[in-house]
Amino acid sequence: MIITHDIRLSRIVRGTWKNTILVALTCSMAYFFYRYFIQYHFEMPSIIPSILGTALAFFIGFNNNQSYDRWWEARKIWGAMVNSSRTWARHALLFPIPTDQIKGQHLQLMKEYAIKRHIAFLYALKEKLRGTNDHEYKKYLIQSDLDIIKNESNIHNAILSLQTMELKTWRKEKLIDGFEFLELNREITRFCDEMGKSERIKNTVFPTSYNYYTKAFIWLFNIAFTLAVAPTVGWRAILFGTIIGYVFHTIHFIGQAILNPFEPIPTGIPLDQITRTIEINLLEMIHEEHIPDPVSPINDEYVM
(Lines give C-alpha, C1' and ligand atoms only; values in the text may rest on other atoms or scores of the structure.)
Protein backbone atom coordinates (compact mmCIF):
# COMPACT_ATOMS: atom_id res chain seq x y z
CA MET A 1 0.00 0.00 0.00
CA ILE A 2 1.35 3.42 -0.95
CA ILE A 3 2.18 5.47 2.16
CA THR A 4 3.91 8.54 0.73
CA HIS A 5 1.77 11.62 0.16
CA ASP A 6 3.86 12.84 -2.76
CA ILE A 7 3.88 11.21 -6.18
CA ARG A 8 7.51 10.81 -7.17
CA LEU A 9 8.38 11.50 -10.79
CA SER A 10 10.70 8.48 -10.89
CA ARG A 11 7.84 6.13 -9.94
CA ILE A 12 5.58 7.68 -12.58
CA VAL A 13 8.25 7.24 -15.26
CA ARG A 14 8.98 3.64 -14.21
CA GLY A 15 5.32 2.70 -14.38
CA THR A 16 4.32 4.41 -17.63
CA TRP A 17 7.29 4.92 -19.94
CA LYS A 18 6.70 1.76 -21.99
CA ASN A 19 3.03 2.58 -22.52
CA THR A 20 3.87 6.18 -23.40
CA ILE A 21 6.28 5.04 -26.12
CA LEU A 22 3.63 2.70 -27.57
CA VAL A 23 1.08 5.52 -27.59
CA ALA A 24 3.55 7.84 -29.33
CA LEU A 25 4.37 5.19 -31.94
CA THR A 26 0.69 4.53 -32.59
CA CYS A 27 -0.05 8.22 -33.05
CA SER A 28 3.01 8.60 -35.31
CA MET A 29 1.89 5.71 -37.50
CA ALA A 30 -1.63 7.15 -37.70
CA TYR A 31 -0.30 10.57 -38.73
CA PHE A 32 2.08 9.28 -41.38
CA PHE A 33 -0.66 7.02 -42.77
CA TYR A 34 -2.85 10.11 -43.04
CA ARG A 35 -0.03 12.24 -44.48
CA TYR A 36 1.08 9.89 -47.24
CA PHE A 37 -1.97 7.79 -48.06
CA ILE A 38 -5.33 9.35 -47.22
CA GLN A 39 -4.68 13.10 -46.89
CA TYR A 40 -6.54 13.95 -50.10
CA HIS A 41 -9.02 11.10 -50.02
CA PHE A 42 -10.44 10.94 -46.50
CA GLU A 43 -10.94 13.20 -43.50
CA MET A 44 -11.87 11.86 -40.07
CA PRO A 45 -15.00 13.66 -38.75
CA SER A 46 -14.24 15.24 -35.36
CA ILE A 47 -17.54 13.94 -33.99
CA ILE A 48 -16.19 10.36 -34.03
CA PRO A 49 -13.34 10.81 -31.48
CA SER A 50 -15.62 13.10 -29.46
CA ILE A 51 -18.30 10.45 -29.06
CA LEU A 52 -15.74 7.67 -28.62
CA GLY A 53 -13.86 9.65 -25.96
CA THR A 54 -17.06 10.35 -24.02
CA ALA A 55 -18.07 6.69 -24.11
CA LEU A 56 -14.57 5.65 -23.01
CA ALA A 57 -14.64 8.04 -20.07
CA PHE A 58 -17.82 6.44 -18.74
CA PHE A 59 -16.54 2.93 -19.44
CA ILE A 60 -13.19 3.48 -17.73
CA GLY A 61 -14.93 5.22 -14.84
CA PHE A 62 -17.16 2.18 -14.32
CA ASN A 63 -14.17 -0.19 -14.41
CA ASN A 64 -12.24 1.91 -11.91
CA ASN A 65 -15.22 2.15 -9.56
CA GLN A 66 -15.55 -1.63 -9.54
CA SER A 67 -11.81 -2.03 -8.96
CA TYR A 68 -11.83 0.40 -6.05
CA ASP A 69 -14.85 -1.34 -4.52
CA ARG A 70 -12.88 -4.60 -4.49
CA TRP A 71 -9.82 -2.89 -2.98
CA TRP A 72 -11.78 -1.03 -0.32
CA GLU A 73 -13.79 -4.11 0.68
CA ALA A 74 -10.53 -6.05 1.11
CA ARG A 75 -9.12 -3.28 3.28
CA LYS A 76 -12.26 -3.23 5.46
CA ILE A 77 -12.12 -7.00 5.85
CA TRP A 78 -8.59 -6.92 7.19
CA GLY A 79 -9.31 -3.87 9.31
CA ALA A 80 -12.08 -5.89 10.97
CA MET A 81 -9.63 -8.78 11.32
CA VAL A 82 -7.36 -6.56 13.43
CA ASN A 83 -10.15 -5.63 15.83
CA SER A 84 -11.51 -9.16 16.13
CA SER A 85 -8.02 -10.57 16.74
CA ARG A 86 -7.46 -8.25 19.68
CA THR A 87 -10.87 -9.14 21.07
CA TRP A 88 -10.13 -12.85 20.71
CA ALA A 89 -6.85 -12.50 22.58
CA ARG A 90 -8.44 -10.46 25.35
CA HIS A 91 -11.24 -12.97 25.85
CA ALA A 92 -8.88 -15.95 25.66
CA LEU A 93 -6.75 -14.45 28.42
CA LEU A 94 -9.52 -13.29 30.75
CA PHE A 95 -12.34 -15.82 30.37
CA PRO A 96 -10.77 -19.17 31.38
CA ILE A 97 -10.47 -19.64 35.15
CA PRO A 98 -8.54 -22.35 37.02
CA THR A 99 -10.21 -25.58 38.09
CA ASP A 100 -9.09 -28.45 40.28
CA GLN A 101 -7.78 -30.33 37.24
CA ILE A 102 -6.31 -27.42 35.25
CA LYS A 103 -4.75 -24.45 36.98
CA GLY A 104 -1.68 -22.28 37.30
CA GLN A 105 1.01 -22.60 34.68
CA HIS A 106 -0.84 -25.25 32.66
CA LEU A 107 -3.84 -22.98 32.20
CA GLN A 108 -1.62 -20.05 31.21
CA LEU A 109 0.06 -22.17 28.55
CA MET A 110 -3.33 -23.15 27.14
CA LYS A 111 -4.33 -19.49 26.91
CA GLU A 112 -1.09 -18.48 25.24
CA TYR A 113 -1.26 -21.28 22.73
CA ALA A 114 -4.84 -20.36 21.76
CA ILE A 115 -3.51 -16.90 20.92
CA LYS A 116 -0.48 -18.20 19.05
CA ARG A 117 -2.69 -20.57 17.08
CA HIS A 118 -4.67 -17.55 15.96
CA ILE A 119 -1.48 -15.87 14.71
CA ALA A 120 -0.82 -19.07 12.75
CA PHE A 121 -4.29 -18.77 11.23
CA LEU A 122 -3.55 -15.22 10.05
CA TYR A 123 -0.26 -16.20 8.45
CA ALA A 124 -1.81 -19.22 6.75
CA LEU A 125 -4.62 -17.08 5.35
CA LYS A 126 -2.17 -14.42 4.19
CA GLU A 127 -0.04 -17.00 2.39
CA LYS A 128 -3.12 -18.42 0.66
CA LEU A 129 -4.23 -14.99 -0.54
CA ARG A 130 -0.73 -14.05 -1.68
CA GLY A 131 -0.06 -17.44 -3.28
CA THR A 132 3.21 -17.93 -1.39
CA ASN A 133 4.66 -20.95 0.43
CA ASP A 134 6.52 -19.30 3.29
CA HIS A 135 4.89 -21.56 5.91
CA GLU A 136 5.39 -18.91 8.59
CA TYR A 137 2.36 -20.26 10.40
CA LYS A 138 4.28 -23.40 11.38
CA LYS A 139 6.37 -21.60 13.99
CA TYR A 140 3.23 -20.93 16.03
CA LEU A 141 1.83 -24.47 15.97
CA ILE A 142 2.83 -27.50 18.01
CA GLN A 143 3.73 -30.72 16.26
CA SER A 144 0.47 -32.49 17.11
CA ASP A 145 -1.54 -29.74 15.40
CA LEU A 146 0.78 -29.76 12.40
CA ASP A 147 0.22 -33.49 12.05
CA ILE A 148 -3.55 -32.98 12.06
CA ILE A 149 -3.60 -30.28 9.36
CA LYS A 150 -0.70 -31.41 7.17
CA ASN A 151 -2.97 -33.03 4.57
CA GLU A 152 -5.56 -30.24 4.52
CA SER A 153 -5.92 -28.18 1.36
CA ASN A 154 -7.28 -25.22 3.33
CA ILE A 155 -4.82 -24.80 6.20
CA HIS A 156 -6.35 -21.65 7.67
CA ASN A 157 -9.79 -23.22 7.84
CA ALA A 158 -8.29 -26.31 9.50
CA ILE A 159 -6.68 -24.08 12.13
CA LEU A 160 -10.07 -22.54 12.91
CA SER A 161 -11.40 -26.04 13.43
CA LEU A 162 -8.61 -26.66 15.92
CA GLN A 163 -9.64 -23.51 17.75
CA THR A 164 -13.23 -24.71 17.98
CA MET A 165 -12.08 -28.05 19.33
CA GLU A 166 -10.04 -26.20 21.94
CA LEU A 167 -13.08 -24.20 22.99
CA LYS A 168 -15.07 -27.42 23.43
CA THR A 169 -12.30 -28.73 25.69
CA TRP A 170 -12.39 -25.54 27.76
CA ARG A 171 -16.14 -25.84 28.15
CA LYS A 172 -15.94 -29.53 29.02
CA GLU A 173 -13.28 -28.84 31.66
CA LYS A 174 -15.40 -25.96 33.03
CA LEU A 175 -12.69 -23.41 32.33
CA ILE A 176 -15.34 -21.21 30.72
CA ASP A 177 -19.10 -21.03 31.16
CA GLY A 178 -21.75 -21.19 28.46
CA PHE A 179 -21.82 -17.44 27.87
CA GLU A 180 -18.05 -17.22 27.52
CA PHE A 181 -18.07 -20.18 25.15
CA LEU A 182 -20.59 -18.39 22.93
CA GLU A 183 -18.56 -15.18 22.95
CA LEU A 184 -15.34 -16.93 21.98
CA ASN A 185 -17.09 -19.04 19.36
CA ARG A 186 -18.66 -15.87 17.95
CA GLU A 187 -15.18 -14.50 17.34
CA ILE A 188 -14.21 -17.68 15.49
CA THR A 189 -17.34 -17.27 13.38
CA ARG A 190 -16.25 -13.71 12.55
CA PHE A 191 -12.84 -14.97 11.50
CA CYS A 192 -14.52 -17.53 9.26
CA ASP A 193 -16.72 -14.81 7.71
CA GLU A 194 -13.77 -12.52 7.00
CA MET A 195 -11.81 -15.48 5.64
CA GLY A 196 -14.65 -16.33 3.25
CA LYS A 197 -14.98 -12.73 2.08
CA SER A 198 -11.25 -12.56 1.38
CA GLU A 199 -11.37 -15.82 -0.57
CA ARG A 200 -14.35 -14.55 -2.57
CA ILE A 201 -12.43 -11.48 -3.70
CA LYS A 202 -9.32 -13.54 -4.42
CA ASN A 203 -11.16 -16.20 -6.44
CA THR A 204 -13.58 -13.95 -8.32
CA VAL A 205 -11.95 -12.97 -11.60
CA PHE A 206 -12.94 -9.56 -12.92
CA PRO A 207 -14.47 -10.13 -16.40
CA THR A 208 -11.58 -10.08 -18.86
CA SER A 209 -13.78 -8.64 -21.58
CA TYR A 210 -13.87 -5.32 -19.72
CA ASN A 211 -10.09 -5.04 -19.75
CA TYR A 212 -9.71 -6.30 -23.32
CA TYR A 213 -12.30 -4.06 -24.94
CA THR A 214 -11.30 -1.03 -22.90
CA LYS A 215 -7.72 -1.32 -24.14
CA ALA A 216 -8.88 -1.92 -27.72
CA PHE A 217 -11.20 1.10 -27.68
CA ILE A 218 -8.49 3.34 -26.19
CA TRP A 219 -6.12 2.45 -29.04
CA LEU A 220 -8.94 3.06 -31.53
CA PHE A 221 -9.58 6.44 -29.90
CA ASN A 222 -5.87 7.37 -30.17
CA ILE A 223 -5.90 6.67 -33.89
CA ALA A 224 -9.22 8.44 -34.50
CA PHE A 225 -8.15 11.51 -32.51
CA THR A 226 -4.83 11.79 -34.36
CA LEU A 227 -6.53 11.50 -37.75
CA ALA A 228 -9.18 14.07 -36.76
CA VAL A 229 -6.75 16.81 -35.68
CA ALA A 230 -4.05 16.15 -38.28
CA PRO A 231 -5.64 18.40 -40.97
CA THR A 232 -5.67 21.30 -38.51
CA VAL A 233 -2.38 21.02 -36.57
CA GLY A 234 -0.24 18.92 -38.91
CA TRP A 235 2.59 16.92 -37.32
CA ARG A 236 1.61 18.25 -33.89
CA ALA A 237 -1.24 15.73 -34.00
CA ILE A 238 1.36 13.19 -32.86
CA LEU A 239 2.09 15.24 -29.74
CA PHE A 240 -1.57 15.95 -28.92
CA GLY A 241 -2.57 12.34 -29.60
CA THR A 242 0.19 11.08 -27.31
CA ILE A 243 -0.87 13.37 -24.48
CA ILE A 244 -4.56 12.49 -24.74
CA GLY A 245 -3.80 8.79 -25.15
CA TYR A 246 -1.47 8.88 -22.14
CA VAL A 247 -4.27 10.29 -19.99
CA PHE A 248 -6.75 7.57 -20.96
CA HIS A 249 -4.21 4.74 -20.67
CA THR A 250 -3.00 5.94 -17.27
CA ILE A 251 -6.49 6.24 -15.82
CA HIS A 252 -7.24 2.73 -17.02
CA PHE A 253 -3.93 1.48 -15.61
CA ILE A 254 -4.78 2.93 -12.17
CA GLY A 255 -7.95 0.87 -12.05
CA GLN A 256 -6.13 -2.29 -13.13
CA ALA A 257 -3.45 -1.75 -10.47
CA ILE A 258 -5.95 -2.15 -7.61
CA LEU A 259 -8.12 -4.80 -9.25
CA ASN A 260 -6.45 -7.64 -7.28
CA PRO A 261 -5.96 -6.16 -3.80
CA PHE A 262 -4.15 -9.16 -2.29
CA GLU A 263 -1.34 -9.22 -4.85
CA PRO A 264 2.13 -8.34 -3.46
CA ILE A 265 2.35 -5.04 -5.33
CA PRO A 266 2.68 -1.45 -4.04
CA THR A 267 -1.03 -0.72 -4.56
CA GLY A 268 -2.23 -3.90 -2.86
CA ILE A 269 -3.48 -4.38 0.69
CA PRO A 270 -0.48 -4.37 3.10
CA LEU A 271 -1.06 -7.89 4.41
CA ASP A 272 2.51 -8.17 5.68
CA GLN A 273 2.11 -5.05 7.78
CA ILE A 274 -1.36 -5.96 9.07
CA THR A 275 -0.46 -9.51 10.08
CA ARG A 276 2.78 -8.31 11.72
CA THR A 277 0.86 -5.62 13.63
CA ILE A 278 -1.60 -8.20 14.94
CA GLU A 279 1.27 -10.54 15.76
CA ILE A 280 3.05 -7.85 17.78
CA ASN A 281 -0.11 -6.82 19.62
CA LEU A 282 -1.03 -10.37 20.59
CA LEU A 283 2.48 -11.39 21.63
CA GLU A 284 2.72 -8.30 23.82
CA MET A 285 -0.57 -9.26 25.47
CA ILE A 286 0.91 -12.59 26.56
CA HIS A 287 4.21 -10.92 27.52
CA GLU A 288 6.24 -12.85 24.98
CA GLU A 289 9.96 -12.22 25.32
CA HIS A 290 10.85 -12.06 21.62
CA ILE A 291 8.69 -9.56 19.74
CA PRO A 292 9.28 -9.15 15.97
CA ASP A 293 9.96 -5.73 14.51
CA PRO A 294 7.26 -3.89 12.57
CA VAL A 295 7.32 -4.16 8.79
CA SER A 296 9.49 -1.40 7.32
CA PRO A 297 8.39 0.68 4.29
CA ILE A 298 10.12 -0.08 0.99
CA ASN A 299 12.03 2.99 -0.20
CA ASP A 300 9.82 5.05 2.13
CA GLU A 301 7.09 4.72 -0.49
CA TYR A 302 4.93 1.72 0.32
CA VAL A 303 4.47 -1.26 2.64
CA MET A 304 3.56 -4.79 1.62
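In this predicted model, Glu127 is buried and yet makes no salt bridge. The nearest side chain of opposite charge belongs to Lys126, and it sits 5.9 Å away, whereas a salt bridge would need the charged atoms within 4 Å. Glu127 is part of helix α3, which covers residues 104-130. Leaving aside residues up to four places away in sequence, Glu127 touches Thr132, Asp134, His135, Glu136 and Tyr137.

Tyr137 also turns up in the largest nonpolar core, a set of 54 residues. Along with Trp78, Phe121, Leu141, Ile149, Ile159 and Trp170, Tyr137 is among the residues with the most contacts inside this core. Two or more core residues come from each of α2 (47-94), α3, α4 (143-149), α5 (155-172), α6 (178-203) and α9 (271-285). Helix α3 gives the largest share, with 13 residues. To zoom in on one member, Ile149 touches Tyr137, Leu141, Ile155, Ala158, Ile159 and Leu162, again not counting residues up to four places away in sequence. Apart from this core lies another one, made of 21 residues, including Ile38, Val229, Ala230 and Phe248.

In soluble globular proteins, nonpolar side chains tend to be buried together. Some nonpolar residues here are found on the surface instead: Leu239, Phe240, Ile243, Val247 and Ile251 form a patch there, with about 410 Å² of accessible area together. One of them, Val247, lies in helix α8, which runs over residues 236-257. Val247 has a relative accessible area of 40%, so it counts as partly exposed.

Note on methods:
Residues are numbered from 1 along each chain as its sequence is written. This is a predicted model: local features need pLDDT of at least 70, side-chain atom pairs count only at pLDDT 80 or more; totals for chains, interfaces and linings use all residues. Side-chain values use heavy atoms; hydrogens and water are left out. Helices (H or I, at least four residues) and strands (E, at least two) are DSSP runs, numbered from the N terminus. Buried means under 20% relative accessible area, exposed over 50%, partly exposed in between (1.4 Å probe, protein chains only). Lys and Arg count as positive and Asp and Glu as negative; His and the chain ends are not counted. Contact means heavy atoms within 4.5 Å. A nonpolar core is a set of buried Ala, Val, Leu, Ile, Met, Phe, Trp, Tyr and Cys residues joined through side-chain atoms within 4.5 Å. Patches are made of residues with over 30% relative accessible area and no salt bridge: like charges are joined within 9 Å, nonpolar side chains (Val, Leu, Ile, Met, Phe, Trp, Tyr) within 5 Å. Accessible areas come from the Shrake-Rupley method with a 1.4 Å probe; for residues, only the protein chains shown count as cover.
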